Amino acid sequence: MYEPPFRTPHHTSSYASLIGGGTIPRPGEVTLAHRGILFLDEFAEFHRDVVNALREPLEDAQVSVSRARGSATFPANFMLIAALNPCPCGKYGTSGCRCPHTAIERYKRKLSGPVADRIDMWVHVGEMPPEALAMDKNRNTEDTEGERMRARIAKARERQAKRFSAEGGSASGGKAQKLTTNADMGPKELEQLANLSPEAEKALMTAAKSYKLSARGYHRTIKLARTIADLAGDDEITADHMMEALQYRVREM
Amino acid sequence: MLAFMKQEIESGFARLFGAQAALPSAQLVSVECDITRGLHAFTVVGLPDKAVEEAKDRVASAIKNCGDYGFESPKRSNKKIVVSLAPAELKKEGAGFDLPFALCFLLASEQIQFDPAGKLFAGELTLDGHLRPIRGVLSIAIMARNEGFKELFIPHENADEAALVSGINVYPVSTLAEVVAHLDIEDDFAFDSHVRTDQEHKRVFEGVSLSDIRGQETAKRGLEIAAAGRHNIALYGPPGTGKTMLFRKKRR
């Protein structure tokens, strides 16, 4: 009851189980993951309508379910984590890929633009050279790396909490919830609190033009850069932070 | 104890409150019981589903087996008993009405006496008169508080959940006999309301540790940023490179 939820629905999940439904509307996975994490493994294998149904909750942090017997609005402020292969066989971009061109196209189309646009970060996980996996009995198995990471995250969260409590406010744009992290910011807060350096803004402008970033993408990139600056402990978003944020935004696949 | 009077009661009426746990908010349901003289009948009205309909059997047994009170069960009396759940057009689901149902019958048949004002009851009964946990207690507690109820009687196991809500006294109940003893004005036994549950965040870490994942520095950095700002993230790559493993360890 006290731990943020971590929901991992299988990729065969139905539309109703994810979004909510039933004659008398019941909440779905997006609501059960409220204030926590929704982890969609094999994201590309989900049904297309299911993926598309995530559009509204991803943007508004809530979802309205209307049925004959009544309608309900459920909170759904979750953080989406998706894992997927770049193509049906999974080896796209390497010599091992055996997928026909059409299959790759179909696969890409399935991850429709609007949903992909709402995902702030695209991170490539490459293949590991076999040497890196060599068995080593003396390897340190304590989770020192994890502890350090946790400490850094906690610090960045603290900076955010401080900033939002100074602002003291509720988010704009339909989110009637308290701001806790950068991802919760609406355009209004973003303007007030982002604190972009002129160089960072310039870098963003250039990238926005060449990559044809959507307005949403533009805002989301600033939020991401804000978090990177928070992790670094900087009050101002520098050009470096912005470049890193942009690099996650752009997909090569 | 009023049990000795039971033969003289010919008719009676009582009303108290229960709730239908619906999402996102619960609905207040008034439970009414009317007893009149006549051929034996025992009916539940107000759109009950199967579980509510079956409450008749559970309640009758629970009342019969309720401690040493020697209550007369609704199935034994030669009277016409009607239990109504209002509002009538709302579909009543689940076993949460067992407790108000049982108390309402005891009140209507004047086997116990108490003032039902400001009290809300919910809970499933077992045949021997124990209470079983129900679902949706949090929404019931919020609704009860907003409707101005002062006391909430719910199964023991649900107490922590209900006590998250401030502004209402939560009484954890383990048996029907216990709540009867607490409520009945002729009996001076009383139990304490539940202490408020702290909303502390407990962190439980299990499973994979970060050191189990070799290399993949960009992915780790990406996760760190995503976790710090709660940004949406997608990891893509060939099968077997540890995408799932990376996420499984990610928390908060």
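The sheet I want to start with is open and has five strands, in the order β1(A)-β4(A)-β7(A)-β10(B)-β8(A), with parallel pairing. Its edge strands are β1, residues 6–7, and β8, residues 121–124, both of chain A, and each of them pairs on one side only. What you have on the screen is a predicted model, so please keep that in mind throughout.

As you can see from the strand order, β10(B) sits between β7(A) and β8(A). To pick out one position, Leu84(A) has Tyr236(B) in β10(B) as its bridge partner. As a reminder, strands of a sheet pair through backbone hydrogen bonds, either parallel or antiparallel.

Now the cores. Which residues touch the most other members of the largest nonpolar core? They are Leu80(A), Ala82(A), Met121(A), Ala225(A) and Ala234(B), in a core of 63 residues. Take Leu80(A). Leaving out residues up to four places away in sequence, Leu80(A) touches Leu38(A), Leu40(A), Leu58(A), Ile119(A) and, from the other chain, Asn232(B). Another core lies apart from that one; it has 60 residues, including Ala22(B), Val29(B), Ala108(B) and Ala141(B).

Next, helix α11 of chain A, residues 239–249. Its buried residues are His241(A), Met242(A), Ala245(A), Leu246(A), Tyr248(A) and Arg249(A). Why do these residues lie on the same side of α11(A)? Because the arc they cover around the axis is only 160 degrees. In general, an α-helix has 3.6 residues a turn, so residues three or four places apart point the same way. As for what covers the buried residues of α11(A), the list includes β8, α9 (198–211) and α10 (215–232) of chain A, and also α7 (217–229) of chain B.

On to the domains. Chain A is divided into domain 1, residues 6–119, and domain 2, residues 154–248. The centres of those two domains, taken over C-alpha atoms, are separated by 25 Å. Chain B is divided into domain 1, residues 3–183, and domain 2, residues 210–248. For chain B the domain centres, again over C-alpha atoms, are separated by 51 Å.

Staying with chain B, there are eight helices and ten strands. Of its 252 residues, 43% count as buried. Among the contacts in chain B with a separation of 6 or more, 70% come from residues 24 or more positions apart.

One pair of strands in chain B is worth a look. Strand β8 of chain B, residues 151–155, is joined to β9(B) by five bridges, and the two run parallel. Glu151(B) stands opposite Asn169(B) in β9(B). Strand β9 of chain B, residues 169–173, is largely enclosed by the rest of the structure, because four of its five residues are buried.

A few backbone details. The peptide bond from Ala86(B) to Pro87(B) is cis, with omega near 5 degrees. Pro87(B) is in the loop between β4 (79–86) and α3 (98–108) of chain B.

In chain A, two residues other than glycine have positive phi. One is Glu42(A), with phi near 55 degrees, in the loop between β4 (37–40) and α3 (48–53) of chain A. The other is Ala61(A), with phi near 60 degrees, in the loop between α4 (55–60) and β5 (62–67) of chain A. Buried or partly exposed? Glu42(A) is partly exposed, because 16 other C-beta atoms lie within 10 Å. Ala61(A) is buried, because 22 other C-beta atoms lie within 10 Å.

Last, confidence. The model scores ipTM 0.84 and pTM 0.72. Chain A averages a pLDDT of 80, and 86% of the residues score at least 70. Over residues 169–176 of chain A the pLDDT is below 50, and this stretch has 19 contacts in the model beyond near neighbours in sequence.

Chain B averages a pLDDT of 83, with 81% of the residues at 70 or above. Where is confidence in chain B lowest, and where highest? Lowest is helix α8 (residues 243–248) of chain B, at a mean of 67, and highest is strand β6 (residues 124–125) of chain B, at 95. Over residues 1–8 of chain B the pLDDT stays under 50, and the model has 14 contacts for them beyond four places in sequence. Residues 204–208 of chain B are also below 50, with seven contacts beyond near neighbours in sequence.

Definitions and conventions:
Residues numbered from 1 in each chain as written. Chains lettered and ligands numbered in written order. Predicted model: local features only at pLDDT ≥ 70, side-chain atom pairs only at ≥ 80, totals over all residues. Domains from an automatic or database assignment. Core = buried A, V, L, I, M, F, W, Y, C linked by C-beta atoms within 7 Å. Buried ≥ 20, exposed ≤ 12 C-beta atoms within 10 Å, placed from the backbone. Contact = placed C-beta atoms within 7 Å. Pairing = 2+ DSSP bridges. Arc of directions from axis to C-beta. pLDDT = per-residue confidence, 0-100.
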